[in-house]
Amino acid sequence: MTVAIQGGRERARAVALVRRVNFAVVVFLALYVAVGLLQPNYLEPAGAMNFLRRAAPLAILASGQLFVLISGGFDLSVGSLVTLTVIGGSMLTANDPSKTWSTIAALYAIGLFVGLINGAVVAYLKTPSIIATLGTLLSVNGAAMMWSGGSPRGYLPDNFRMFGRFVFHDVPVIGIFPLAVAVLVAVCALAQWGLHGTVFGRRVLAVGDNPRAAELAGVRVEFVRLGVFVISALSAVTAGVMLGGFGGVSVDVGRGLELQAIAACVVGGVQLLGGRGTVVGAVAGALTLTALFALLTLLGLPQPLKDTAQGFILIAAVAIGAWRRRRAV
Amino acid sequence: MEQAALALEMLDITKTFPGVQALDAVSFGCARGEVHALCGENGAGKSTLIKVLGGVYRPDGGTIRLDGREVAFSHPIVARRAGISIIHQELSLLPQRSVAENIFLGVEPTRFGILDRRTMRDEAGRLLRRLGSSIAPASLAGDLSIAHQQIVEIAKALAIDARILVMDEPTAALDRVDAGRLLDLVRKVSAEGVTIVYISHRMVEIQAVADRVTVLKDGRTVMTTTLAEAPTGRLVRAMVGRDLADFYPPRSSLPPGPPTLNVRGAANGQLHDVSFEVRAGEIVGVAGLEGSGKDALARALIGDEPFEVEAMEICGRAAKPGHPRAAIQAGIGRLSDDRKREGLLMQQSVRDNATLIERAFAPALRSPTAEPMSPQSTDKRLIQLDVRAASFEQEAQFLSGGNQQKVIIARWLARDPEIFIFCEPTRGVDVAAKAAIYQIMRDLARRGRAILMISSDLPEIIGVSDRILIMREGTLAGELPGGATEEEVMAIAVAHDREPHAMAS
């Protein structure tokens, strides 16, 4: 009996590992090698660091979205919250570098507020999250437009843009190390701890698996729902601050990012409708998508064709995920 | 019996899942018009065999023959077209569709390519009358009682001219009267030449309805025999490999302690004037027909659908749980009668399931494996309850019903509430696990816990309870001592007078 349990345990662990992680990681590595063959500097440390920097906002969004997805919901409002963050950053700082830190604090407060609204509507008004956050998406986008007067221009102050742009030079072994990658690593570690290293993470999984059973076992399901939407919103502000450093201020910085973040999670084996998912998977999914975009760009595909290809690949990822799960039975 | 005469023959069916040999060369045959019972503990391979027959699983080896012709089902639809109809324990009717639409789902009669509603309704009515039922074909399936939904499922099978009808624990959710009617129906349908594979844990039913019985154990056929040669004792021995003389654990010889739970004048939409107490060390059974309020009582006690009370005390302290979390804090634990919907996290591990309550109450940022949620403490409880799993990291969905039930019990043992409410504790659980669960309840009582057992299974109520409360029409209709006869309990449960029975002492 003991032997059987031991053997079974190792086997189950191996199976779980293969099932959860390998797929997205393997696909990512394959894509990255393909990208590297077309453009060899991707294979150098500096190229790889630059790639990670570009992938960071999406990976951060995906690690936040992950919590909502696992709890059995969707957060469609993150893209518009990224836009609001960038526009809000530009309005609040008004080109004055001394206001950067207070502005960032204010932006996180706005994110907290949006997250609480999302969570409260879903938890207490019992609105399906896909509808609730679709509403927030429209409202937040509208708020961003109104705030900026419709045609924002220019750039954020340099010390604000640092999070997206600053790079440590002359780092041993890897050469350069972008600050964005440091933020990415910190966010991933935080998400990893939050989901897999705390009781809260297990509650999120429980609520996503069977909210009724969780409630009857004493889990405060409403608090869990509030929590996941706040986490997602805060991750969106973080991604927004970073994206503000990448380029200029515009009304469509965040457009479509919510779907990309959900897609990244799905590619990483996170189960839509809840109960299953890992941070490693979500981040690997985000890296996979970023590598895919890079590949499509290197292949010289025009934007519409890239969008189409992206759509097909998403569907394929979901289908493969479903097939693997079916086969596992 | 000649080969050609067999309506269904499954030969040397083998099916392996990762780490488990679910079926090991199982053979099984039924003659036309036979009622063939299939028994075995949970995990013996019954469901797997049925899923192979229904085209849900493809066997790794073996042959299936229908009327002597070899068949292979690549999909449930193929099996259905071949005349195999399976009525699962969880009924599969579409609640928002009419009875007629459900009966002809997928085989709708058409006229010039257009749905022929009139024919459908008439035919549905004819099928239902043939089953001796007066259900209106136009009524919504969701509005029917479970018993009537069963009848519609059978009509659905007849509508496709099923030659083999598999019924998986059809009486599990029925009370005694409806179960009896269903058995009559089984006999009637088999007399029309339909072969029936009847899966049940209830020996009485098998004795009453089956011609032959096949017993599975650990994925193998243990025996196939006619019922005449198989008294219940022999069947049980074949299933569990031992006698179950001490099926119900002995009652405690100690007098019960002080009242742990005291409820006075409780009422809500489904209950009125409910007053009772449960003492420490006592198992109190609550019996009653469906709709008598016994399930509403459990939901009210745990604050799921709270009631208004004149007084409610737990261990002498006033308590009035307004929601499930408050009930747990007040010291009440409840094992739900619907472990799939209200109990298990199907995709989480056995360990995660067994620690759910502790994790609901621990500080949010604590490590999920801090005491008392550590694998060591959790495993100790799981092993103590003899939970069988390939690994405690295995997902709960892959466990058998009895083991799933034990995992939920483990979850409550970690919390160790003063009052345990067991709702239908052995529904869909095999004989051996049943005995184990009764023993767990008795052990809890011996440790001074108060136990309220709400059950539709009369032998269980009578065999396990120290006292029996009988509910009728939303209130307590009477009380009997443990060991009362089924007739005595039923007499109170079905009495028509509105006067409450005198409480026996």
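Predicted model: local features only at pLDDT ≥ 70, side-chain atom pairs only at ≥ 80, totals over all residues.
Visitor: How much area do chain A and chain B bury between them?
Guide: Buried area is the accessible area (1.4 Å probe) that two parts lose on being put together, summed over both. Here 53% of it is on carbon and sulfur atoms. The total for chain A and chain B is about 3000 Å².

Visitor: Which residues of chain A lose the most area to chain B?
Guide: Together they account for 19% of what that side buries. They are A:Val199, A:Arg202 and A:Leu216.

Visitor: How many salt bridges does the rule find across the interface of chain A and chain B?
Guide: A salt bridge is a side-chain nitrogen of Lys or Arg within 4 Å of a carboxyl oxygen of Asp or Glu. One example joins A:Arg276 and B:Glu395, with the closest N and O atoms 2.9 Å apart. Across the interface, the rule finds four.

Visitor: Which residue follows α12(A) with a positive phi?
Guide: Its phi is near 75°. The residue is A:Gly300.

Guide: A note on reading this: residues are numbered from 1 along each chain as its sequence is written, and chains are lettered from A and ligands numbered from 1 in the order in which they are written. Local features need pLDDT of at least 70, side-chain atom pairs count only at pLDDT 80 or more, totals for chains, interfaces and linings use all residues, and side-chain values use heavy atoms, leaving out hydrogens and water.

Note on methods:
Helix = DSSP H or I, 4+ residues; strand = E, 2+ residues; numbered from the N terminus.
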